[in-house]
Amino acid sequence: MMELGTYTKPLAYLGLFTLGKTVYSITRQATNFLLPSTLLKCYNPTQTNWALVTGATDGIGFGFAQELCARGFNVIIHGRNSEKLERRRRELNALFPVCVGVLVRDAQNVTADIDDVDAEVRDIIRSNGTVGSKGDGKLTVLINNVGGETRLSALLKEYTFEDVQATISRNATFTCQLTRVLAKQLEENAPGLVMNVSSVAGFGLPYVTTYSSAKGFVDTFTKSLRAEFKAEGKEIEVMGLRVAEVSTPGYDVKSNLLIPEARVLAAASLNRVGCGQDIVWAYFWHWLSGLSFEYLPRWVLMKISTMKFKAIRADLDAKAKSS
């Protein structure tokens with residue numbers, strides 16, 4: 001038999017390698033919050049360019065619209081309710097000296113007319129080309145934010161056909177189709193940026209199976225698209241944003257250090273532009289708490305997640321019975 005000492009040195013080297021890799025990974029992620037954003041320098045140096053934000057009538061999407069306007073971008077806001085979009089457009093125009101356009105599309109029911117969006121976006125930009133000093137810009141930024149769960153904390157067997165289709169369409173199909181349609185325009189206007197809002201759910205969580213799977217698609221789509229643009233020599237930066245809890249309208253939770261408001265999250269996201277990574281935690285405290293998903297055993301995380309989602313189910317059941 002070989003003595004234990006025979007394995008000591010190889011095991012020590014393996015341990016040092018593992019430790020070094022872990023320290024490098026954490027350090028590399030931490031530096032994302034120290035690097036300056038290249039958003040304006042690369043994608044709006046003339047303060048005349050445009051960004052398109054999907055799902056921009058509320059929550060994180062509207063936070064992105066506010067932040068982009070505040071940083072000098074003209075913005076096209078997308079949603080499915082034209083009246084609400086017009087109200088948001090007027091709000092933004094009242095606060096910021098930029099042009100704001102609207103794009104009406106139902107992300108839950110994607111049809112072949114999605115191909116018309118390229119021409120529609122060009123028309124919006126062209127029609128605003130003579131407005132003050134903000135004209136003569138081009139689309140350089142696409143924020144794929146639209147998403148969300150149709151049924152929070154539900155078993156897969158409890159979903160209807162429509163529930164599954166809506167969740168996948170809102171979180172995956174629309175993002176992929178819209179990016180496909182606008183890719184040519186972004187290439188023409190390069191350098192460009194595609195930012196895909198993902199979720200901690202992409203790690204694969206119980207009771208949100210369809211949503212988690214769709215966000216997993218977004219993560220893989222981000223990596224693949226980034227690699228494809230690079231392979232083709234296109235100056236298009238593709239980033240995926242990993243997001244945890246955010247205080248938004250319709251989500252009954254108060255903001256705190258770990259749960260930022262939508263605009264705070266949006267600002268943090270735009271500040272990560274140019275960090276050089278494909279998937280990043282946008283918000284520092286999300287990243288810090290999210291380290292557990294990378295370094296704790298999965299069974300521990302699933303136990304914690306199960307307890308949380310079961311509590312949500314119990315709360316929803318109690319509300320349903322009392323109503």
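Trainee: Is Gln-47 buried, partly exposed or exposed?
Mentor: Gln-47 is partly exposed, with a relative accessible area of 33%. Buried means under 20% relative accessible area, exposed means over 50%, and partly exposed is in between, with a 1.4 Å probe and protein chains only. This is a predicted model, where local features need pLDDT of at least 70, side-chain atom pairs count only at pLDDT 80 or more, and totals for chains, interfaces and linings use all residues. Residues are numbered from 1 along each chain as its sequence is written, and side-chain values use heavy atoms, with hydrogens and water left out.

Trainee: What is the phi of Gln-47?
Mentor: Gln-47 has a positive phi of about 60°, although it is not a glycine. Most residues other than glycine have a negative phi. Gln-47 sits in the loop between helix 2 and strand 1 (50–53). Helices (H or I, at least four residues) and strands (E, at least two) are DSSP runs, numbered from the N terminus.

Trainee: Which other residue has a positive phi although it is not a glycine?
Mentor: Ser-153 is one, also at about 60°. Ser-153 is in the loop between strand 4 (139–144) and helix 6, and it counts as buried at 4% relative accessibility.

Trainee: Which peptide bond is cis?
Mentor: The one from Ala-190 to Pro-191, with omega near 5°. Pro-191 lies in the loop between helix 6 (161–188) and strand 5. Most peptide bonds are trans.

Trainee: New topic. How many helices and strands does the protein have?
Mentor: There are 10 helices and 7 strands. Of the 323 residues, 46% count as buried.

Trainee: How many residues of helix 8 are buried?
Mentor: In helix 8 (residues 262–271), 7 of the 10 residues are buried. Among them are Ala-266, Ser-269 and Leu-270.

Trainee: What do they pack against?
Mentor: The buried residues of helix 8 pack against several elements, including helix 3 (59–70), strand 5 (192–197) and helix 9 (284–295).

Trainee: And what does Phe-64 contact?
Mentor: Contact means heavy atoms within 4.5 Å. Leaving aside neighbours within four places in sequence, the contacts of Phe-64 include Met-195, Leu-241, Ala-266, Ser-269 and Leu-270.

Trainee: Which residues touch the most other members in the largest nonpolar core?
Mentor: Of its 38 residues, they are Leu-39, Phe-64, Leu-68, Met-195 and Leu-241. Helix 3 gives the largest share of this core, 6 residues. A nonpolar core is a set of buried Ala, Val, Leu, Ile, Met, Phe, Trp, Tyr and Cys residues joined through side-chain atoms within 4.5 Å.

Trainee: Now charges. How many salt bridges does the structure hold?
Mentor: It holds 16. A salt bridge is a side-chain nitrogen of Lys or Arg within 4 Å of a carboxyl oxygen of Asp or Glu. Arg-180 and Asp-115 make one, at 2.6 Å from N to O. Arg-180 lies in helix 6 and Asp-115 in the loop between strand 3 (100–104) and helix 5 (117–127), so this pair ties together parts that are 65 residues apart in sequence.

Trainee: Are Arg-71 and Glu-67 buried or exposed?
Mentor: Arg-71 counts as buried at 18% relative accessibility, and Glu-67 counts as buried at 11%. Their side chains meet in a salt bridge of 3.1 Å, N to O.
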